[in-house]
Amino acid sequence: MFVAESVTIAVDVMGGDLGPAVVLGGVSQALQADPDLHVVLVGAAEAVEPFAASHDRARAQATTEVIEMAEHPANAVRTKKDSSIVVGCRLVKEGAAQGFFSAGSTGACLAAATLVVGRVKGVKRPALGQVLPAYARPCLLIDVGANADCKPEYLVQFAQMGAVYMESIMGVENPRVGLLNIGAEDTKGDEFAQRAHGLLADSVPQFAGNCEGGNLMAGDFDVVVCDGFTGNVCLKTIEGTAKTLFKYVKDALMGSLASKLGALLVKGDLSALKAKLSPETYGGTPLLGVKGAVIVGHGSSNEVAIANGIAVAATTVRANVAGVIAETVARTAAAKAASGEGEAAASDAR
């Protein structure tokens, strides 16, 4: 539900494969859709200053550097202090903006958000969560690339952060949490998966068991957790499969005169289906566990995707997702400490 609250989002105008003009087109759409939205346009002066001069709720933050997609993320963040990504994150840290959106280098956004914005207290590793258009209802897959190497306890926090996001942003009450695994039984998977299963069962009330890969898009779970390596491979496999299927459908519909006539009859339905499956619908991937709202868009984001990504950033701020995550993590840590003290006291009594 829309909340009328003034929010300022820093936007990386230099990010994305399609250039600043497309990013600014998306910004324009976002401003039209949300009268309480303000933006700080971060990028080259010639790109951001003319737009800001003609829009009351936009101001320019000129920068002189750009982090390219092929650069080493952490090194680029450390050396290019005046890049649009680093400056955008710095604006969030300094309070000049409450959220940041970029369709630039995902790795650089992760590094800048972690090093500049900073982690929520108690969060061991921030994680990227991608909303998937599962059949029954959307599902958040987390992590999808921020943490290739994980410890089982990280997945507990991924589950907690993912549940907060789905409840606050997607309106899901008591989201069901699953662990991506090779089977539904508790004993399935390697040592990492079995250890993660036990920790999730003990620490996450919404945990509903293992989710096999074939069931990920069924919508049986609202949040599915995994390590970032597995999640990234899984996400790209889903995206690639969807593109291939649409190509097959297009070839079949264009194969004969009769099928072309049939295509005209279902054109609207197919367009609606394509929109539902498109990443543009959700605008970007939230980086959960950092102070503030950081949303990373696809490099190929068009104006609609940019606008949706900015809107998600604003909604994330208004829902105080970072604050709720901080409270959840602190509450879990306190409960764990209390449990440990209780166990120690019982042991001493014995």
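This is a predicted model: local features need pLDDT of at least 70, side-chain atom pairs count only at pLDDT 80 or more; totals for chains, interfaces and linings use all residues.
Helices and strands are taken here as DSSP runs, numbered from the N terminus, a helix having at least four residues and a strand at least two. The backbone at Asn320 has a positive phi of about 55 degrees, although the residue is not a glycine. With a relative accessible area of 42%, Asn320 is partly exposed.

The overall layout comes next. The protein chain is divided into two domains: domain 1 takes in 1-118 + 290-319, and domain 2 covers 125-280. The centres of the two domains, taken over C-alpha atoms, are separated by 26 Å.

No salt bridges are counted between domain 1 and domain 2. Likewise, zero residue pairs in polar contact are found across this interface, with both residues required to be at pLDDT 80 or more.

Salt bridges do occur elsewhere, and the count comes to three. In general, side chains of opposite charge can pair when their charged atoms come close. One of these bridges joins the side chains of Asp34 and Arg318, at 2.8 Å from N to O. Asp34 lies in the loop between helix H1 (20-33) and strand E2 (37-43) while Arg318 belongs to helix H10, so the pair ties together parts that are 284 residues apart in sequence. Asp34 and Arg318 are both buried.

Another bridge is formed by Asp222 and Arg137, whose closest N and O atoms are 2.5 Å apart. This pair, too, links distant parts of the chain: Asp222 sits in the loop between strand E8 (207-212) and strand E9 (223-225), and Arg137 in the loop between strand E5 (127-132) and strand E6 (139-142), 85 residues apart. How exposed are the two partners? Asp222 counts as buried because its relative accessibility is 3%, under the 20% cut-off. Arg137, in turn, is partly exposed, with a relative accessible area of 31%. The side chains of Glu71 and Lys80 also meet in a salt bridge, at 2.8 Å from N to O. Here Glu71 is partly exposed, having a relative accessible area of 25%.

The peptide bond from Ile142 to Asp143 is cis, with omega near 15 degrees. Asp143 has its place in the loop between strand E6 and helix H6 (152-168). Asn174 lies in the loop between helix H6 and strand E7 (177-181). For Asn174, phi is near 45 degrees, a positive value in a residue other than glycine. With a relative accessible area of 61%, Asn174 is exposed.

Methods
Residues are numbered from 1 along each chain as its sequence is written. Side-chain values use heavy atoms; hydrogens and water are left out. Domain bounds come from an automatic or database domain assignment. A salt bridge is a side-chain nitrogen of Lys or Arg within 4 Å of a carboxyl oxygen of Asp or Glu. A polar contact is a pair of N or O atoms within 3.5 Å; within protein, one must be able to donate a hydrogen and the other to accept it, and residues adjacent in sequence count only if both atoms are side-chain atoms. Buried means under 20% relative accessible area, exposed over 50%, partly exposed in between (1.4 Å probe, protein chains only).
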